[in-house]
Amino acid sequence: MSIQVFGQAVSRGIAIGRAVLIASSRVDVAHYYIDESRVEPEIDRLRQARDVVATELTTLKRDLPIEAPAELPALLDVHLMLLHDEALTGATKQWIRSRHYNAEWALSAQLEVMARQFDEMDDEYLRERKADLEQVVERMLRALSRAGPLLPASAGVHGTEDPLVLIANDIAPADMLQFKGSVFSGFVTDVGGKTSHSAIVARSMDIPAVVGAREASRLIRQDDWIVIDGDAGVVVVDPSPIVLEEYRFRQRQSELERARLHRLRHMPSVTLDGETVELLANIELPRDAVVAVDSGAVGVGLFRSEFLFMNRGGELPSEDEQFEAYRGVVEAMHGLPVTIRTVDIGADKPLDRLTIHELRHEYGLNPALGLRAIRWSLAEPAMFRQQLRAILRASAFGTVRVLLPMVAQLSEIRMAREALARAKQQLSEAGHAYKDVELGAMIEVPAAVLIVPSILRELDFVSIGTNDLIQYTLAIDRADEAVAKFYDPWHPAVLQLIARAIDAANCAGKHVSICGEMAGDVAFTELLLAMGLRSFSMQPSQISAVKQRILRADVRRLVPRLPATLASDEPMMEWTRQIHETSGPTVAPAV
Ligand code: PEP
Ligand code: MG
């Protein structure tokens with residue numbers, strides 16, 4: 001039976017494919033296809049892993065100390081029984097044979113199927129065996145990883161397979177990264193808001209995604225056919241042939257539209273009345289710089305450097321490792337400016353996958369209001385100086401700007417400047433080359449908006465982080481789907497703060513940009529132009545669509561509409577009303 005699940009539209013387009021359900025704890029399992037010729041060797045790998053685990057369990061049972069609780073041997077017997085159960089091994093082999101999944105993927109796919117069957121059992125004792133099954137699979141996954149893959153984990157899509165979409169309860173931002181360039185052509189998660197970091201990473205992959213779809217991972221079964229409508233935030237499970245045909249048609253339309261927009265990428269971004277607008281890229285990984293250049297970005301407006309620091313088991317990247325990563329981006333941009341944001345760790349971007357309890361212990365009772373971003377860096381001066389040294393060294397290879405996240409106090413700026421001066425001194429002493437870099441601050445808390453003039457007496461530029469500015473202005477957790485409907489970029493307070501920050505920076509004669517998700521949302525392009533913004537930084541995939549709006553905009557006609565919009569209780573309605581009432585025909589350049 002076909003059903004629909006609703007969530008937050010995160011990344012545009014339509015994806016149609018078979019569902020691959022992944023438990024949040026198992027997202028780091030490798031997913032790749034194997035060739036027909038590798039099927040039997042892969043099944044052998046699985047068999048060997050099973051034998052290894054069987055030996056482990058038998059040895060464990062044999063060596064149990066006398067004082068061990070009496071249930072333990074029985075429990076190990078249950079694990080052995082599950083290990084040899086045809087429902088696990090037989091069906092896992094079937095995933096390998098029929099779908100050409102690698103062994104780890106096949107095993108976790110079958111675990112999801114069986115876990116669901118256990119959940120549906122009436123008998124409590126049997127229901128509880130799910131945890132045992134998970135432990136057995138965990139052991140097998142460990143054995144497989146010790147043995148290593150037959151193929152590199154990055155092996156590409158097997159041409160003849162059905163497209164796949166990934167369904168998970170939640171995917172941490174750092175885990176999401178590993179799916180870049182993977183076999184999946186769409187994503188659905190139960191949790192998350194439109195500007196949660198996982199959603200941002202999904203958007204950067206430029207594939208359709210829906211987050212905050214609450215029940216999706218419970219309602220969808222392994223291998224179901226799924227349509228993801230990334231424009232409307234709808235997931236259709238098991239669509240009827242007519243519905244499927246309709247979506248296939250829309251999918252083709254949307255691909256044509258993308259191809260058409262892509263042709264704009266090398267056109268200068270200038271409004272009808274001759275205002276040049278800078279379109280920059282947001283990136284998470286060094287390799288994204290290539291995509292940024294290809295999309296026509298004239299620089300990197302935000303390099304979220306924290307992704308280099310995550311999921312490393314507490315070990316931070318060395319100065320040299322960071323230097324290589326930053327230099328890679330700077331060189332890939334061929335002299336175009338690269339804005340590297342110092343680590344924005346904390347809140348929904350912890351260093352490692354943590355439980356809520358651990359998160360609070362590390363970053364404060366409320367991580368979003370705790371030791372996050374610049375606060376964390378200043379609390380770790382050696383780490384901070386190391387990052388600044390690495391960035392400075394990369395500056396010798398192009399044009400680099402340094403951006404400080406979540407500044408709220410002038411004292412933070414002064415301390416950061418001292419750290420930068422100290423880093424320069426250390427580099428000079430060590431004989432390393434570096435250039436002078438511009439230093440700027442993210443404006444993402446209301447307090448910072450109110451002191452932009454003071455901030456800009458100390459710094460060279462500001463970049464408005466609307467994702468956090470909305471979160472902190474409206475007191476809405478951006479990652480919490482339960483309050484997602486109140487996360488409103490059109491809120492009058494939000495728009496007034498943004499307008500005020502842009503105006504203050506323009507009055508100070510300093511560079512101002514927006515690097516939050518509003519910059520890439522075409523619904524705001526004209527409004528932000530009217531506010532005086534001339535620099536937008538966004539996901540590379542959004543650049544062409546925003547450019548199209550800019551090419552069609554006449555700022556002289558937009559500016560007079562701003563005061564009434566900002567004064568209105570319903571700015572969205574007011575802005576749209578004025579656009580419809582007063583806009584005569586504008587001559588759009590042929591595309
Ligand atoms: C923002 O808050 O708008 C921003 C760009 O930073 P991030 O999304 O990484 O918090
Ligand atoms: Mg932010």
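Fifteen residues, written here as 15, line the largest cavity, and Arg304, Arg341, Glu444, Asn467 and Asp468 are those nearest its centre. The model is a predicted one. This cavity has a volume of about 80 Å³, and its lining comprises three nonpolar, four polar and eight charged residues. At least two residues of that lining come from S10, and at least two from H18.

The largest cavity is also where ligand 1 sits. Elements that contribute two or more residues to the shell around the ligand are helix H7 (197–204), strand S10 (300–304) and helix H18 (466–474). The largest share, three residues, is that of H18. In total, 17 residues surround ligand 1, with Arg304, Arg341, Glu444, Asn467 and Arg478 the closest. By class, this shell holds four nonpolar, five polar and eight charged residues.

Individual contacts can now be considered. The side chain of His197 places an N or O atom 3.0 Å from an oxygen atom of ligand 1. From the backbone, an N or O atom of Thr466 lies 3.1 Å from an oxygen atom of the ligand, and a polar atom of Gly465 is 3.4 Å from an oxygen atom of ligand 1. Of the 280 Å² of accessible area that ligand 1 has on its own, the protein covers 100%.

The structure contains three cavities of 30 Å³ or more.

Note on methods. Residues numbered from 1 in each chain as written. Chains lettered and ligands numbered in written order. Predicted model: local features only at pLDDT ≥ 70, side-chain atom pairs only at ≥ 80, totals over all residues. Heavy atoms only, no water. Near = heavy atom within 4 Å. Polar contact = N/O pair within 3.5 Å; in protein donor to acceptor, adjacent residues only side chain to side chain. Areas by Shrake-Rupley, 256 points an atom, 1.4 Å probe, with all protein chains shown as cover. 1 Å grid on protein atoms, 1.4 Å probe; cavity = no way out; pocket = protein on both sides within 12 Å on 5 of 7 lines; lining within 4 Å. Sits in = over half its atoms within 2 Å of the grid points. Helix = DSSP H or I, 4+ residues; strand = E, 2+ residues; numbered from the N terminus. Nonpolar A, V, L, I, M, F, W, Y, C, P; charged D, E, K, R; others polar. Points joined across faces, edges and corners; volume = space filled by probe spheres on them.
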